[in-house]
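Could you walk me through this structure in plain words?

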Amino acid sequence: MLDISTLPQRAEPNDWSLVFAGRNAVTAMRGTPGSPWTVKEVGNLWGLEPSLALPVGHWQGRALWAFAIAENQVSQTEQIAVNLYSLLGRVEDNLFHAHGRAYQLLHWARTHRHCGQCGAATGMTEGGRAILCSECAFRVYPRVSPCVIVLVSKGEQLLLAAAAGFQKRFYSTLAGFMEPGESCEQAVAREVREEVGIEVGNIRYFSSQPWPFPSQVMLGFFADWVSGSLALNEEEIEDADWFDANALPPTPPMTSISGQLISHFINSR
Ligand SMILES: [Zn+2]
């Protein structure tokens, strides 16, 4: 279980570390995929000082830190670098959450080295919870971008869509980023209207999932078809249709909230 209620303040040699090279989590080739390093191992392998670590939280009762290395620092013979997405469902959920949070924090730090307001150099403050401008004191917290994801149903049928641009074609629930000034329900209705041209109502919340690719949180909803026939936005949607529960196309795995929405709908019939 990842605990982020207090962040560790000083990295000790036996603390846990997660190491990323760009989008890839780096683990020892001989170890289990996704298993953490210690701070001491990171120092020995890559010469990284503990002061370069970002505090992630506590995992299995020990402090957990995140380190970034360059992609050419991954040893081709001793280490393996795997895309964060490929760890989803392959490592236990708590460990995946730890990787997701570590990756989001590293991404946040890497993209905020300079102040967005005045351009001066920044540094960490509030024990790693915020980035502070050295000149104008502008403060930036880790960004989380909310997305709505919705399973639309029409009687016993559910609406699934294949997104444009994906090589591996599978059918998923509709999803999109929320716009500033929108409620979740407004975002659900707008996304469905934009992508497939129908009106929905009876929008109800299901659950949420952190989605660290790189910094979303997916807010899951159910909604009922109200009016209109499918008219696809071809820039975003390659295909969409109403499906019977017993004749589904390939759908996302249960590790994603889309898979959970579909499964919940079918099991509740
Ligand atoms: Zn500034």
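C184 is partly exposed, with a relative accessible area of 23%; partly exposed covers the range between buried, under 20%, and exposed, over 50%, using a 1.4 Å probe on protein chains only. C147, by contrast, counts as buried, at 4% relative accessibility. This is a predicted model, where local features need pLDDT of at least 70 and side-chain atom pairs count only at pLDDT 80 or more, while totals for chains, interfaces and linings use all residues. Residues are numbered from 1 along each chain as its sequence is written, and side-chain values use heavy atoms, with hydrogens and water left out.

Now to bonding. A disulfide is a covalent bond between the sulfur atoms of two cysteines. Here a pair of cysteine sulfur atoms must lie within 2.5 Å to count as one, and the structure holds 0 disulfides.

The largest cavity has about 30 Å³ of space, a volume being the space filled by probe spheres set on points joined across faces, edges and corners. Its lining residues, those with an atom within 4 Å of a point, include W37 and H99.

Conventions: On a 1 Å grid over the protein atoms alone, a cavity is a set of points where a 1.4 Å probe fits but cannot get out, and a pocket is an open set with protein on both sides within 12 Å along at least five of seven lines; lining residues have an atom within 4 Å of a point.
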